[in-house]
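Visitor: I am new to this structure. Please take me through one part of it up close, and tell me how that part sits in the whole.

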Amino acid sequence: MRELFDEVAGKSPIDPEEAVRRTTRGPQRKRFYANAGVTDAPGGFAITLDERPIRTPSGRPVVAPTREIADAIAAEWNAQQEIIDPLTMPSTRFANSVVDAVVDRVEAVTDDVAKYLGSDLLFYRASHPEALVAREAAHWDPVVFWAADTLGAHFILAEGIVHVRQPDSAISAARAALPADPWSIAVLHVVTTLTGSALLALALLRGLLDQDQVWAAAHVDEDWNIEKWGVDEEVAARRAARLIDFKAAADILKSLNR
């Protein structure tokens, strides 16, 4: 299975959008096992195929930190039909990414998430029309105010797309709120990458917003354009693919926080 998931992972194993861009290029392989299951393992729960533990593309054993996450991964394997399709297995791809690309480089992944705090989606606002301005404020202001009040991260808002340098103190305060365990920071990396907002990822982590609210907040402008101009089918397909990875990551975070 190594080459199958290597191809889907693409250049960046923690970038879910790379998998979306390569949906038509992955190799196909027939299902070769009868059943997927879960068994106790050092540090958590291993996923098995016919009682043999699965491994990542680099050959490392996949051990999930909670039984719920392991069950979700096993369910993806059991749901495969004659041909295995990695793109229908977001929890499996996520687990592979954590084990291969995050466990040994948590600090680097944290830095990658923190980079978004310098140009977060929530900082750049429309100047018109008034209805869009109000909609952005309704979705985004509570998160920005929460960051200031709870995290001590006071960010600067701007109109338009001209870059505004954010205070180092604000970035440092928000960065300090990022988790240190590999599974949680991997979730925040996925959510940040898919939404364009590290603040929305933090809001999800802390329970300020649920996953539906985060997804809606990330697509305020896009939904506004859809209402005015209609649906672009290609854009809608890409969004649906991203949503699969987003939901899988959000569900994993929920399990980690129980």
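Guide: Start with the whole chain. Buried residues make up 48% of its 258 residues. Keep in mind that this is a predicted model. The chain has 12 helices and eight strands. Now take contacts between residues at least 6 apart in sequence: 64% of these join residues at least 24 apart. The accessible surface of the chain is about 12700 Å². Carbon and sulfur atoms account for 52% of that surface.

Now the close look. Go to the loop between β3, residues 44–49, and β4, residues 52–53. D50 sits in this loop. Phi of D50 is near 50°, which is positive, and D50 is not a glycine. Next comes E51, also in the loop between β3 and β4. Phi of E51 is positive too, near 70°, and this residue is likewise not a glycine.

How open to the outside are they? Take D50 first. Its relative accessibility is 38%, so D50 counts as partly exposed. The cut-offs behind that word are 20% and 50%. E51 has a relative accessibility of 73%, so E51 counts as exposed. For E51, the cut-off to pass is 50%.

One more loop is worth a stop. It runs between β7, residues 124–125, and α6, residues 130–151, and P129 is found there. Look at the peptide bond from H128 to P129. This bond is cis, with omega near -10°.

Methods: Residues are numbered from 1 along each chain as its sequence is written. This is a predicted model: local features need pLDDT of at least 70, side-chain atom pairs count only at pLDDT 80 or more; totals for chains, interfaces and linings use all residues. Side-chain values use heavy atoms; hydrogens and water are left out. Helices (H or I, at least four residues) and strands (E, at least two) are DSSP runs, numbered from the N terminus. Buried means under 20% relative accessible area, exposed over 50%, partly exposed in between (1.4 Å probe, protein chains only). Contact means heavy atoms within 4.5 Å. Accessible areas come from the Shrake-Rupley method with a 1.4 Å probe; for residues, only the protein chains shown count as cover.
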